Amino acid sequence: MAGVSELESALQMEPAAFKALYSAEKPKLEENLIFFCQMGKRGLQATQLARSLGYKGARNYEGAYREWLQKEG
């Protein structure tokens with residue numbers, strides 16, 4: 001995924017179009033999706049957007065990438 005700006009259109013694609021573009025299966029509405037970014041703002045935006053589109057398992061990794069990196073993944 002390129003970023004939050006691309007997320008809305010990606011999550012609204014037909015599954016075949018999603019797979020053709022991203023070489024991966026489109027997530028199902030009930031699957032867990034974990035979003036994160038460098039500082040936390042874009043991850044939260046992505047989570048809120050996915051939830052608004054019906055992805056109930058969308059979550060934001062609140063520690064962001066910096067925390068994950070400090071903990072050595």
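**Close-up A. Thr47 and the residues it touches.** Setting aside neighbours within four places in sequence, Thr47 is in contact (heavy atoms within 4.5 Å) with Phe35, Ala58, Arg59 and Asn60. This is a predicted model, in which local features need pLDDT of at least 70, side-chain atom pairs count only at pLDDT 80 or more, and totals for chains, interfaces and linings use all residues. Residues are numbered from 1 along each chain as its sequence is written, and side-chain values use heavy atoms, with hydrogens and water left out. Thr47 sits in helix α3, residues 41-52; helices (H or I, at least four residues) and strands (E, at least two) are DSSP runs, numbered from the N terminus.

**Close-up B. Asn60 and its polar contacts.** Look for Asn60 in strand β2, residues 57-60. A polar atom of the Thr47 side chain lies 3.4 Å from the backbone nitrogen of Asn60. The side chain of Asn60 in turn has a polar atom 3.5 Å from the backbone nitrogen of Leu44. A polar contact is a pair of N or O atoms within 3.5 Å; within protein, one must be able to donate a hydrogen and the other to accept it, and residues adjacent in sequence count only if both atoms are side-chain atoms. Asn60 is buried, at 18% relative accessible area. Not counting residues up to four places away in sequence, Asn60 touches Phe35, Phe36, Gly40, Gly43, Leu44 and Thr47.

**Close-up C. Cys37, a position with a UniProt annotation.** An unreviewed UniProt entry places the annotation "active site" on Cys37; such positions are given in the numbering used here, feature names are shortened, and annotations may be inferred rather than shown by experiment. Cys37 lies in the loop between β1 (32-35) and α3. Its relative accessibility is 8%, so Cys37 counts as buried. Beyond neighbours within four places in sequence, Cys37 is in contact with Arg42, Gly43, Ala64 and Tyr65.

**Close-up D. The largest nonpolar core.** Nine residues make up this core: Leu7, Leu11, Leu33, Phe35, Ala46, Leu49, Ala50, Tyr55 and Ala58. At least two of the core residues come from each of α1, β1 and α3, and α3 gives the largest share, three residues. A nonpolar core is a set of buried Ala, Val, Leu, Ile, Met, Phe, Trp, Tyr and Cys residues joined through side-chain atoms within 4.5 Å. Zoom in on Ala50, in helix α3, and you will find a relative accessible area of 0%, so Ala50 is buried. Leaving aside neighbours within four places in sequence, Ala50 is in contact with Leu11, Phe35, Tyr55 and Ala58.

**Close-up E. The buried residues of helix α1.** Helix α1 covers residues 4-11, and Leu7, Ala10 and Leu11 are buried there. Seen down the axis of α1, these buried residues fall within an arc of 80° (taken from the directions from the helix axis to the C-beta atoms), so they line one face of the helix. Their cover includes α2 (15-22), β1 and α3.

**Close-up F. The rings of Phe18 and Tyr22.** The count of aromatic pairs comes to one. The ring centres of Phe18 and Tyr22 are 4.8 Å apart and their planes meet at 50°, so the pair is tilted. Rings of Phe, Tyr and Trp (its six-membered ring) pair if their centres lie within 6.5 Å, with planes under 30 degrees apart counted as stacked, over 60 as edge-to-face and the rest as tilted. Phe18 and Tyr22 are four residues apart in helix α2, so about one helical turn separates them. Phe18 is buried, at 4% relative accessible area.

Technical notes. Buried means under 20% relative accessible area, exposed over 50%, partly exposed in between (1.4 Å probe, protein chains only).
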